[in-house]
Amino acid sequence: MRTLLGSILLAGLAACNVNADETVDNLLAAYSGAVPGAAVLVIKDGETVLARGYGMANIEAGVPVTADTSFRLASISKQFTATAILMLVDRGRLDLDDAIGDYFPEFPQFTHGITIRHMLQHNSGLEDYEPLYDGKLPDQITDAGVVDIIGRTTATYFEPGSQYRYSNSAYAILSVLVERLSAMPYPAFLEDNIFRPLGMTHTVAHQKGISSVFKRATGYRVTEQGVEEADQSPWSAVLGDGGIYTSISQLAKWDRAQYGDELISPQLQAAALTPGHEDYGFGLRIDTYKGQRRYHHDGETSGFRNFMQRFPDQRLTVIVLSNRAEPDVQPLAEKIADLYL
């Protein structure tokens, strides 16, 4: 009797998964064929229940998207930068309420009231580096270039800590802070302290001419005139705010680590998931979706659009990575989540 009941339950679960798979295929129809594609990952209760690629990673070469295709994460990268900072806090190298001026004495005096916590939660008020780019720097600026740009600013947008304003500048500076405190290049710190320990051997904070990207997707823009390559911008060499390349198969390992304390202490995990202004924690947005607690982040950069969401109480994670500039894939990821919640 027990065996029969178990068989019925397993058969029902399998049927549900088949139906969900078919629905996901229908939702991703616009990404299928000889067009810029997408990769979809669904993890439930620690198990990958769907990992699928659609369309092309490289149209010109006819390379399809698979679960191992590496996409530029864009701002989803920020959770890795935040984790690197928190690891250094755990090691006693800095405190969340330290002033950034303690580590960047070259910054103007008006920035010295900005704390590490402000930087992580987008409360710093630092100016955005992109509009300040004057074209006199190299074709692609780096995180160190952002430090130089911010060092020449004359004011913050608001009193630090008083408001929220999303800041790529802050996360670029945080990656340089990782370098200054660890005496290691930021990509090497991530490799040695996060990627390799988690088995994320095909994940990289990519530097042109220094590192390579495993099974790299090319970024595209789809317009009424057709498909055009849009893989790089002047900001693509900035790593701390968005320069990590990885795949859904690699992110399954990252997701697994979020349920333990292998990387950072439980106390700092709790701090990272405590929402500040605009419900932003440390490298993650924190809200509810259809009554369920959710941690999430989008990623948008030249030729890529991504969304990652985790429902900790349901032990459900849904990730969509795409190598096209538009459209926003958050609604798509949420429709997929609806199938499993």
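Buried here means under 20% relative accessible area, exposed means over 50%, and partly exposed covers what falls in between (1.4 Å probe, protein chains only). The model is a predicted one, so local features need pLDDT of at least 70 and side-chain atom pairs count only at pLDDT 80 or more, while totals for chains, interfaces and linings use all residues. Residues are numbered from 1 along each chain as its sequence is written, and side-chain values use heavy atoms, with hydrogens and water left out.

Aromatic contacts come up first. Rings of Phe, Tyr and Trp (its six-membered ring) pair if their centres lie within 6.5 Å; planes under 30 degrees apart are called stacked, over 60 edge-to-face, and the rest tilted. That rule gives eight aromatic pairs. One of them joins F80 and F195, whose planes meet at 65° with ring centres 5.8 Å apart, so it goes down as edge-to-face. This pair links distant parts of the chain, with F80 in helix α2 (residues 78-90) and F195 in helix α7 (residues 186-195), 115 residues apart; helices (H or I, at least four residues) and strands (E, at least two) are DSSP runs, numbered from the N terminus. F80 and F195 are both buried.

A salt bridge is a side-chain nitrogen of Lys or Arg within 4 Å of a carboxyl oxygen of Asp or Glu, and the count comes to 16. R294 and E334 form one of these, their closest N and O atoms 2.8 Å apart. R294 sits in strand β11 (residues 292-301) and E334 in helix α10 (residues 330-338), 40 residues apart. R294 counts as buried at 4% relative accessibility, as does E334 at 15%. E326 bridges to R305 at 3.0 Å between the closest N and O atoms; here E326 is partly exposed, at 48%, whereas R305 is buried, at 10%. A network of salt bridges links D21, D25 and R52.
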